[in-house]
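Reader: I have a model open and would like to go through it with you. Can we start with the terms and then move to the details?

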Amino acid sequence: MSSSRGGNGCGGEGERQIHVLAVDDSSVDRAMIARILRSSKYRVTTVDSGKKALELLGLEPDVNMIITDYWMPEMTGYELLKRVKESSELREIPVVIMSSENVPNRINRCLAEGAEDFLLKPVRPSDVSRLCSRIR
Amino acid sequence: MALHVSSAPPISAFHHLLCFFFHDTYPEMEYASSLQRQLASMKKNLFDQGYLDEQFYQLEELQDESSPNFVEEVVTLFFRDSSRLVANIDQALQKYPQDFRRLDNIMHQLKGSASSIGAAKMKNECTSFREFCNKENREGCLRSFQKVKKEHAVLKQKLENYFQLLRQDGPVDKATRSGN
């Protein structure tokens with residue numbers, strides 16, 4: 001079995017490695033998205049809430065992309081998206097929303113707020129590959 | 001054993017002899033293949049009976065040398081979370097008046113995780129429960145929840161058995177192992 005199975009190396013390597021912040025309150029989904037991203041050679045940091053995501057973003061400006069679940073307690077992915085886009089330091093970071101529910105209004109609202117993409121869960125490696133060209 | 005020379009291609013007769021030779025000379029290989037047959041059969045049943053769907057294959061696809069126990073790790077995470085969520089729903093169902101929104105939220109989380117690992121039957125029962133929730137039908141919720149719990153317990157047992165057997169089988173890719 002090849003170790004690059006499912007991954008396309010889009011995440012880069014060494015200094016040029018793309019750092020993704022993955023936000024999801026579900027430990028199962030965090031494990032999944034982290035694995036999918038890592039198999040495409042992204043560097044991944046996971047957090048379980050929007051609040052923690054903002055804390056980390058406040059400290060580490062080297063995040064190149066944020067991928068977040070929509071439905072989380074306390075702060076939804078949409079609210080996180082808005083906070084990122086309202087911030088002068090963070091607004092350039094592409095934000096991708098994930099959701100288990102296909103709700104057109106929700107999708108449109110997120111895209112209108114500046115989300116890069118909206119992925120339906122369960123997320124597949126091919127969904128992540130799709131992001132590849134947008135992020136660079 | 002009779003060799004059918006007429007209609008069968010020569011390779012199948014040779015194959016019989018080869019198997020006979022190898023099973024006799026490399027008993028470990030025979031054991032490995034019987035275990036693998038058991039595993040394959042177990043897995044097939046899980047899919048045929050609808051416990052798992054093709055999302056489980058997606059998990060397997062993500063497993064490789066850099067993450068050799070990924071499937072089992074994720075399944076373990078799932079049952080850790082799901083046990084907690086099931087307990088929360090149990091508690092929430094005891095309360096009066098019923099907070100259907102809260103019940104739905106918890107069930108949404110459970111359904112999401114079940115879906116992520118390909119736990120098809122569980123996912124379906126979660127959906128039913130949410131439908132009763134939306135209609136604020138407490139009786140329906142209680143009945144449906146019994147089914148959720150049952151599917152949860154059955155899947156847990158089946159997957160525990162599966163992974164136990166898988167561990168006996170040793171590291172990934174034994175098909176080419178030649179009895180060493």
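Author: One term to begin with: a residue is called buried under 20% relative accessible area, exposed over 50%, and partly exposed in between. The model is predicted.

Reader: Take B:Glu136, then. Buried or exposed?

Author: B:Glu136 counts as exposed, because its relative accessibility is 57% and the cut-off for exposed is over 50%.

Reader: Where is B:Glu136 found?

Author: B:Glu136 is in the loop between helix 6 (120–134) and helix 7 of chain B. B:Glu136 also has a positive phi, about 55°, although it is not a glycine.

Reader: What about phi of A:Glu74?

Author: Phi of A:Glu74 is near 70°, again a positive value in a residue other than glycine. A:Glu74 sits in the loop between strand 3 (65–69) and helix 3 (77–86) of chain A. With a relative accessible area of 78%, A:Glu74 is exposed.

Reader: While we are on the backbone, which residues does a cis peptide bond join in chain A?

Author: A:Lys121 and A:Pro122, with omega about 0°. A:Pro122 lies in the loop between strand 5 (117–120) and helix 5 (125–135) of chain A. In chain B, a cis peptide bond joins B:Tyr96 and B:Pro97, with omega about -10°. B:Pro97 belongs to the loop between helix 4 and helix 5 of chain B.

Reader: Back to A:Lys121. Which residues is A:Lys121 linked with in a network of salt bridges?

Author: The network links A:Lys121 with A:Asp24, A:Asp29 and A:Asp69.

Reader: How many salt bridges over all chains?

Author: The count is 19.

Reader: And how many between chain A and chain B?

Author: Three. One of them joins B:Glu54 and A:Arg124, whose closest N and O atoms are 2.7 Å apart. Polar contacts between chain A and chain B come to six residue pairs, both residues being at pLDDT 80 or more.

Reader: Which part of chain A gives the largest share of the side that touches chain B?

Author: Helix 1 (residues 27–39) of chain A, with eight residues. By type, the side of chain A that touches chain B divides into eight nonpolar, six polar and six charged residues.

Reader: How many residues does the contact take from each chain, and what area is buried?

Author: The contact takes 20 residues from chain A and 29 from chain B. About 2000 Å² is buried between the two chains, and carbon and sulfur atoms give 52% of that area.

Reader: Which residue does B:Asp64 meet in a salt bridge?

Author: A:Arg35, at 3.1 Å, N to O. This pair crosses between chains: B:Asp64 is in the loop between helix 3 (55–61) and helix 4 of chain B, and A:Arg35 is in helix 1 of chain A. Both B:Asp64 and A:Arg35 are buried.

Reader: What is B:His108 in contact with, leaving aside its neighbours within four places in sequence?

Author: A:Trp71, A:Ser100, A:Glu101 and B:Arg130. B:His108 is in helix 5 (residues 100–117) of chain B and is buried, with a relative accessible area of 11%.

Reader: Last topic, the largest nonpolar core. Which members touch the most others?

Author: Of its 61 residues, A:Tyr42, A:Ile67, B:Ile89, B:Leu110 and B:Phe129 do. Helix 4 (residues 70–94) of chain B gives the most to this core, with 11 residues. A second, separate core has 24 residues, including A:Val47 and A:Leu56.

Terms used:
Residues numbered from 1 in each chain as written. Chains lettered and ligands numbered in written order. Predicted model: local features only at pLDDT ≥ 70, side-chain atom pairs only at ≥ 80, totals over all residues. Heavy atoms only, no water. Core = buried A, V, L, I, M, F, W, Y, C linked by side-chain atoms within 4.5 Å. Buried < 20%, exposed > 50% of the residue type's maximum accessible area, 1.4 Å probe, protein only. Helix = DSSP H or I, 4+ residues; strand = E, 2+ residues; numbered from the N terminus. Contact = heavy atoms within 4.5 Å. Buried area = accessible area lost by both parts, 1.4 Å probe. Salt bridge = Lys/Arg side-chain N within 4 Å of Asp/Glu carboxyl O. Polar contact = N/O pair within 3.5 Å; in protein donor to acceptor, adjacent residues only side chain to side chain. Nonpolar A, V, L, I, M, F, W, Y, C, P; charged D, E, K, R; others polar.
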